[in-house]
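Subject: Structure handover

Hello,

Here is the structure for you to look over. My notes follow below it.

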Amino acid sequence: MGRPVPETVLYVCTTCRAAEDAPDAPRAGARLLDALRAEIAGRPETDAAAGLRIEGVECLSVCKRPCTVAVASPDRWTYVYGDLDPASSARTILDGLGRYAATADGIVPWRERPEAFRKGVVARIPPFPAPSAG
């Protein structure tokens, strides 16, 4: 039996605001979170989305590059991506996360990353070791 697949967490900045956002309308980041949840709800349970948790967060401090997400998993590199379109990026993000989840260390070869991830990478953060069991 192989190693259990660690949970992958996608953090979505819900306070990201696009230039065209009306002051009283839902912000672009909140719309992206809704789009991601809708996209994942339509996927089969056996998909790479199993083991993925999506969380909205107040701010990722990348305000000049909305919309912004971060992907993290124990013992893997963490990535922060910006410049994501709230209306059209959900499928691309989830497909990229499937590739991330399939790696042992979180490093997806450059050419295998979705274009939005290649162009939108803001930061790559070294792995933080998972707590040892026992």
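**The cavity and its lining**

The largest cavity is lined by V71, Y79, Y81, G96, L97, Y100, G106, V108, R113 and F117. A cavity here is a set of points, on a 1 Å grid over the protein atoms alone, where a 1.4 Å probe fits but cannot get out; lining residues have an atom within 4 Å of a point. Strand β4 and helix α2 (90-101) are the elements that give two or more residues to this lining. Helix α2 supplies the largest share, three residues. Helices (H or I, at least four residues) and strands (E, at least two) are DSSP runs, numbered from the N terminus.

The volume of the largest cavity is about 50 Å³. The count is one cavity of 30 Å³ or more. Grid points are joined across faces, edges and corners, and volume is the space filled by probe spheres set on the points.

By class, the lining has seven nonpolar residues, two polar and one charged. Ala, Val, Leu, Ile, Met, Phe, Trp, Tyr, Cys and Pro count as nonpolar, Asp, Glu, Lys and Arg as charged, and the others, Gly among them, as polar.

**Provenance**

This is a predicted model: local features need pLDDT of at least 70, side-chain atom pairs count only at pLDDT 80 or more, and totals for chains, interfaces and linings use all residues. Residues are numbered from 1 along each chain as its sequence is written, and side-chain values use heavy atoms, with hydrogens and water left out.

**Y79 and its rings**

Y79 sits in strand β4 (residues 78-81). Y79 counts as buried because its relative accessibility is 1%; the cut-offs are under 20% relative accessible area for buried, over 50% for exposed, and partly exposed in between (1.4 Å probe, protein chains only).

The whole structure holds three aromatic pairs. Rings of Phe, Tyr and Trp (its six-membered ring) pair if their centres lie within 6.5 Å; planes under 30 degrees apart are stacked, over 60 edge-to-face, the rest tilted. Y79 and Y81 are stacked, 5.8 Å centre to centre with 5° between the planes. Y79 and Y100 are edge-to-face, at 6.4 Å and 85°. That pair links distant parts of the chain: Y79 in strand β4 and Y100 in helix α2 are 21 residues apart. Y79 and Y100 are both buried. Y79, Y81, Y100 and F117 form one aromatic cluster.

**Overall fold**

The protein has three helices and five strands. Their order along the sequence is β-α-β-β-β-α-α-β. Of the 134 residues, 40% are buried.

Best wishes

Conventions
On a 1 Å grid over the protein atoms alone, a cavity is a set of points where a 1.4 Å probe fits but cannot get out, and a pocket is an open set with protein on both sides within 12 Å along at least five of seven lines; lining residues have an atom within 4 Å of a point.
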